[in-house]
Amino acid sequence: MRIDVHCHLTGEEFESVGGLESVLRRAKEAGVERMICSGFDLCSSERAKTLSERYDELYFCAGFHPSELDKFQDGDLGKIRALCQHEKCVAVGEIGLDYHYENNPPKETQKTLFIQQLELADEAGLPVVLHSRDAAQDTLELLRENRSLLRFGGLLHCYSYSPEMLADFAALGLCFSFGGASTFKNGKKAKECVRQIPADRILSETDCPYLTPEPLRGVFPNEPKNVNYVVENFAAIRNETIKELEQQLFENAKRLFPKLR
Ligand code: NI
């Protein structure tokens with residue numbers, strides 16, 4: 001059984017390829033039987049919940065992405081808290097820090113909301129799904145300072161930092177997922193991380209509709225069925241059989257996200 005632990009299925013991008021129903025059908029035909037649809041603001045989190053109620057294979061996480069905080073309104077945290085109680089809400093996410101674009105929300109605003117959402121996950125007894133882009137040091141420091149809020153674990157999704165820093169994040173008990181970037185010819189760092197990471201800390205994702213893996217790089221939209229290319233690439237890099245790896249990836253996901261069935 002294959003799993004895509006981080007995808008975005010709430011947008012309109014899939015209309016051009018037959019709509020969500022056909023995306024899910026192709027995933028099933030490709031053996032991808034579980035997907036975790038990640039929220040990035042209140043609206044997408046609520047939509048992800050609705051989809052998870054409609055489709056057995058879909059689970060979701062609820063939270064505010066650091067780049068989306070200009071939409072944040074008083075009362076939204078309470079609504080995210082309510083979503084966390086849902087039987088198919090497996091984590092708070094995606095949350096974190098993103099300093100990539102100059103016009104991203106101010107760092108202090110990002111940090112405040114990040115900590116508030118870590119608290120929310122801790123209260124709800126859920127793990128967190130973390131997004132961190134061009135903010136390695138601040139993410140590491142903030143997590144170290146708030147380590148007590150990581151009791152229920154966390155996933156650093158689409159891990160893009162160095163293999164050395166991976167050890168620092170791993171020391172906080174985190175797991176790591178890799179998607180399309182780990183298949184790219186210029187994805188040397190990601191490949192090295194995939195090679196080194198302990199077997200019980202690695203997970204597979206697509207982050208679709210973006211970051212389509214090789215050999216389909218450049219095709220839009222990416223979709224969960226393509227997690228197979230990611231897994232095949234893991235197996236090649238780690239010199240493991242796909243069958244062994246598939247089982248390990250699924251076990252890792254179930255351990256990190258106990259609500260997953
Ligand atoms: Ni994402």
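Residues are numbered from 1 along each chain as its sequence is written, and side-chain values use heavy atoms, with hydrogens and water left out. Because the model is predicted, local features need pLDDT of at least 70 and side-chain atom pairs count only at pLDDT 80 or more, while totals for chains, interfaces and linings use all residues.

View A. His8 sits in the loop between strand 1 (2–7) and helix 1 (19–29), and Asp207 in the loop between strand 8 (202–204) and helix 8 (227–238), so the pair ties together parts 199 residues apart in sequence. Helices (H or I, at least four residues) and strands (E, at least two) are DSSP runs, numbered from the N terminus. Both His8 and Asp207 are buried, meaning under 20% relative accessible area, with exposed over 50% and partly exposed in between (1.4 Å probe, protein chains only).

**View B. Leu118 in the largest nonpolar core.** This core has 66 residues, and Leu118 is one of those with the most contacts inside it, as are Leu9 and Phe169. A nonpolar core is a set of buried Ala, Val, Leu, Ile, Met, Phe, Trp, Tyr and Cys residues joined through side-chain atoms within 4.5 Å. Leaving aside residues up to four places away in sequence, Leu118 touches Ile95, Val128, Leu142, Leu143, Asn146, Leu149 and Leu150; contact means heavy atoms within 4.5 Å. Another core, of 16 residues, lies apart from it and includes Val5 and Phe250.

**View C. Ser177 in strand 7.** Strand 7 spans residues 175–178. Ser177 counts as buried because its relative accessibility is 0%. Among the residues that Ser177 touches are Val5, Leu155, His157, Tyr159 and Glu205. Asp4 is 173 residues from Ser177 in sequence, yet 9.5 Å away in space, C-alpha to C-alpha.

**View D. Thr183 in a loop.** Thr183 is found between strand 7 and helix 7 (188–196). With a relative accessible area of 9%, Thr183 is buried. A polar atom of the Thr183 side chain lies 2.6 Å from the backbone oxygen of Gly180. Thr183 also touches residues including Lys191, Pro213, Tyr229 and Asn233.

Technical notes: A polar contact is a pair of N or O atoms within 3.5 Å; within protein, one must be able to donate a hydrogen and the other to accept it, and residues adjacent in sequence count only if both atoms are side-chain atoms.
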